[in-house]
Amino acid sequence: MEAPTVHSNFKSEEYFINMGPQHPATHGVLRLVLTIDGEIIKKVEPDLGYIHRSIEKMCERDSYQQIVHLTDRMDYLSANINNEAVCLGVENGLQLEIPERVKVIRTIIGELTRISSHCLWWGVMGMDVGAITTYFYGFRDREMLNDIFEETCGARLTMNYNVPGGLMFDIHPNFVNRVKKFVAHFKTKIPEYDRLLTGNVIFQKRTKGVGVLSKEDAISFGASGPVARGSGYSCDVRKYHPYSALDKVTFNECLETEGDTFARYRVRIRELWESLSIVEQLIDNIPEGEHRVKTNAVIKLPKGEFYQKVETARGELGMYIISTGAKSPYRLKFRSPGFSNLSLLNRIAVGGKIGDLVATMATLDLVIPDIDR
């Protein structure tokens, strides 16, 4: 049988396609301009600004109490933690001593927020690569937490529960009981997540060796959160710069060394266990006392510069304030984890296929308003 003729003059051709700005896999209004050769990605250029709302500029006009309400519109899945960052920054600037009760409640709420965010991420991660069932399982468990949040402060997504000086309200009488019930329930569900998705052979083939980020590149691009820790970069703010009651608990920083999409996935699954552990250590030890200390109706920070950072579900959120002593900051800059993590997308996507890009983006866990500030 004669061998097929190979044409030496065959040439491929690069072309451009738009992924977004409205695309299911971008989880928000993000446009990616892809340069591709066949299905192989040659370049990824993010195009931002579709939902830019000038939050940082608005902060120069608003009072410090009002700024809190803006931050949960950034990474809305880490709303409580974002709010806490502003409150901690203001309280540290005022050298305001916060009751131990507030510190413990803030830490519990923050870790429940992390679990809630990771539940949503896990559900849509599976859906992005074709496992539709995960969406319903993840949201089933997340709804239990949203019900607790709603009973505590009246909101399910954009909380505004933290205020400078403490908490807007004390916890609901049912809070401790409902949290303990959730912890008991969720301990049986994380193994279910592993059976359904983590150990799935097809899922592993879609994620192992895909979107590899080296530790050096993670540091160079300013990556943080599970994205960086999936590459072995130890950077958990809760460990290195503990805030609220995090210095009173023990937990492990979750690190993986492979740096691929599956490693970033594994970090978040392990973090679910660690957040549960933190909640368990605190839930029966909430101190008595006030839920808020009195502050002036108009808060004015001393003249100077102040910086506060926290560990959101997506990584390090930093807040840098320049104060002239007025009721509004002269300048306020947010260092959001999503912006830095997005910047490395081109680095890890080039050479892969479009289908790989969808899986890789899922483990960057982008929330676009966190980028479009």
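How many bridges join strand 8 to strand 9, and in which sense do the two strands run? Nine bridges join strand 8 to strand 9 (residues 315-323), and the two run antiparallel. The legends below describe close-up views of a predicted model, in which local features need pLDDT of at least 70, side-chain atom pairs count only at pLDDT 80 or more, and totals for chains, interfaces and linings use all residues. Residues are numbered from 1 along each chain as its sequence is written, and side-chain values use heavy atoms, with hydrogens and water left out.

Three strands in the order 8-9-10 make up an open sheet with antiparallel pairing. Strand 8 (304-312) and strand 10 (331-335) are the edge strands, each pairing on one side only. From one strand to the next, the twist averages 15°. Helix 3 packs on this sheet and touches strand 8 and strand 9, and its direction makes about 150° with that of strand 8. Strands (E, at least two residues) and helices (H or I, at least four residues) are DSSP runs, numbered from the N terminus. Two strands pair if DSSP finds at least two bridges between them. Contact means heavy atoms within 4.5 Å. Axes are lines fitted to C-alpha atoms, for helices over the stretch in contact, and angles run from 0 to 180 degrees between N-to-C directions.

**View B. The hairpin of strands 8 and 9.**
Strand 8 is joined to strand 9 by a hairpin through two residues. Valine 310 has leucine 317 of strand 9 as its bridge partner. Glutamate 311 has glutamate 316, also in strand 9, as its bridge partner.

The order 1-4-5 describes an open sheet of three strands with antiparallel pairing. Strand 1 (14-19) and strand 5 (40-47) stand at the edges with a single partner strand each, so one side of each is left without a neighbour in the sheet. On average, neighbouring strands of this sheet are turned by 20° against each other, direction ignored. Six bridges pair strand 1 with strand 4 (residues 31-37) in the antiparallel sense. Tyrosine 15 has isoleucine 36 of strand 4 as its bridge partner.

**View D. Backbone geometry in two loops.**
Most residues other than glycine have a negative phi, and most peptide bonds are trans. Glycine 20 and proline 21 are joined by a cis peptide bond with omega of about 15°. Proline 21 is found in the loop between strand 1 and strand 2 (22-23). Histidine 27 lies in the loop between strand 2 and strand 3 (28-29). The phi of histidine 27 is near 50°, a positive value in a residue other than glycine.

A cavity is a set of points, on a 1 Å grid over the protein atoms alone, where a 1.4 Å probe fits but cannot get out, and lining residues have an atom within 4 Å of a point. Grid points are joined across faces, edges and corners, and a volume is the space filled by probe spheres set on the points.

The volume of the second largest cavity is about 50 Å³. Among the residues that line the second largest cavity are Ile81, Glu84, Arg106, Glu111, Arg114 and Tyr243. Helix 3 (79-94) and helix 4 are the elements that give two or more residues to this lining. Helix 4 gives the most, with five residues. By class, the lining of the second largest cavity has three nonpolar, two polar and four charged residues.

Key: 1 Å grid on protein atoms, 1.4 Å probe; cavity = no way out; pocket = protein on both sides within 12 Å on 5 of 7 lines; lining within 4 Å. Nonpolar A, V, L, I, M, F, W, Y, C, P; charged D, E, K, R; others polar.
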